[in-house]
Amino acid sequence: MNIDKLLRENIRSLQPYSCARNEFKGEASVYMDANENPYNAPFNRYPDPLQWEVKEKISALKNVPVENIFLGNGSDEPIDLLFRAFCEPRIDNVVAIEPTYGMYKVSASINDIEYRNVLLDENFQLSAEKLLSACNIYTKIIWLCSPNNPTGNTLDGEEIKKVLKEFDGIVVLDEAYIDFASDGSYTEFLTEYPNLIILQTFSKAWGSAAIRLGMAFASVEIISVLNKIKYPYNVNVLTQKQALIALGNAKQVKDWIKILLSERTKLIENLKQFSFVQHIYPTDANFILVKVDDANKFYNYLVEKSIIVRNRNSVSLCLGCVRITIGTPNENQVLLNEVSKFVTNQHMD
């Protein structure tokens, strides 16, 4: 696949900024190259612009070569960079499933790119045929999220592969919740599909949303483009240090996942007992999508009790739904206690 043909012309010809740390890799005894203050170590020095140490740890964990990894300020940074690299404003377009993560559409609007959404079916599954039918010669990217947000389900693998095989542009597969799913990551297919970009994050299973670190896995050619157009020091030293601590704590993360999956099952079983709960959709994530009699009333009641869930009532195909993130055993019990009171109040009314 010729990535250059997909790139915007100005990006193809861009001469990237070369920062001081790009010109030197490794450790030195004296740094006099970047106009830094020599005092207040270690915060006085610019961080590694390509985050090699963190990438090496991720590479070993994910079984993906270092050169196929991009790290960004959350997953939102590579999302934005992909629009800027491949989509010409007011000319090109992208296609995405609906409903899904809202930042794809927001980023498209910021970059002045037409955003075409294709509704999932009643089981929140995609149709490769419908997605491809929405494309034209100006479609540069197809956005998929699996497990999907806010629906929670894993997308059909065969349909994903059809899109990858038949679409001539970039296919982004956002796997923010993959650690909670029984299906494996698509990182094993990177060499098979050169147009595939996989997004993952430290914000969910890794319990590190505050450090804002997202991962993109793709071909060397695509990673090179992202490195070319990113800001020089996009991942700060505090984030890199905390990421290394987190990566050294992989066993703890696996334990957290086991607890959350167990709590997810318990929460689903308990919520099903309430008559105002119409349906709980199948989920492969650390949240559940729950259809209730009156989503707005239920949501507002929980807010009054200082319990914050996500009201998805106005989202396509999610009429009457709230999205509930799985909490600690204690947090889940607090929720259930308030749900019981909500039901009692409903009967009294």
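Which residues form one aromatic cluster? The cluster consists of F274, F276, F298, Y301 and F342. The structure is a predicted model, in which local features need pLDDT of at least 70 and side-chain atom pairs count only at pLDDT 80 or more, while totals for chains, interfaces and linings use all residues. Residues are numbered from 1 along each chain as its sequence is written, and side-chain values use heavy atoms, with hydrogens and water left out.

A search of the whole structure gives 14 aromatic pairs. Rings of Phe, Tyr and Trp (its six-membered ring) pair if their centres lie within 6.5 Å; planes under 30 degrees apart count as stacked, over 60 as edge-to-face and the rest as tilted. The ring centres of Y46 and Y233 are 4.4 Å apart and the planes meet at 10 degrees, so this pair is stacked. Distant parts of the chain are linked by the pair, since Y46 is in the loop between α2 (9-12) and α3 (52-62) and Y233 is in the loop between α8 (220-229) and α9 (237-247), 187 residues apart. Helices (H or I, at least four residues) and strands (E, at least two) are DSSP runs, numbered from the N terminus. Y46 is partly exposed, with 39% relative accessibility, and Y233 is partly exposed at 22%. Here buried means under 20% relative accessible area, exposed over 50%, and partly exposed in between (1.4 Å probe, protein chains only).

F83 and W143 form an aromatic pair that is also stacked, with 5.3 Å from centre to centre and 20 degrees between the planes. F83 belongs to helix α4 (residues 76-86) and W143 to strand β4 (residues 139-145), so the pair ties together parts 60 residues apart in sequence. Both F83 and W143 are buried.

Charged side chains also lie over rings, a label that requires NZ of Lys or CZ of Arg within 6 Å of the ring centre and within 35 degrees of the ring normal. K55 lies over the face of W52, 5.5 Å from the ring centre. The charged end of R323 is placed over the ring of F287, 5.5 Å from its centre.

The largest nonpolar core has 54 residues, and those with the most contacts inside it are I58, L131, I142, L144, L196 and F202. Such a core is a set of buried Ala, Val, Leu, Ile, Met, Phe, Trp, Tyr and Cys residues joined through side-chain atoms within 4.5 Å.

L126 is found in the loop between β3 (114-119) and α6 (128-133) and is buried, with a relative accessible area of 6%. The C-alpha atoms of L126 and L155 are separated by 6.8 Å, although the two residues are 29 apart along the chain. Not counting residues up to four places away in sequence, L126 touches residues including I97, L131, L144 and V163, where contact means heavy atoms within 4.5 Å.

The structure holds zero disulfides, a disulfide being a pair of cysteine sulfur atoms within 2.5 Å. For C145, the nearest cysteine sulfur is that of C318, 13 Å away. C145 is buried, with a relative accessible area of 1%. For C318, the nearest cysteine sulfur is that of C321, 5.2 Å away. C318 is buried, at 0% relative accessibility.
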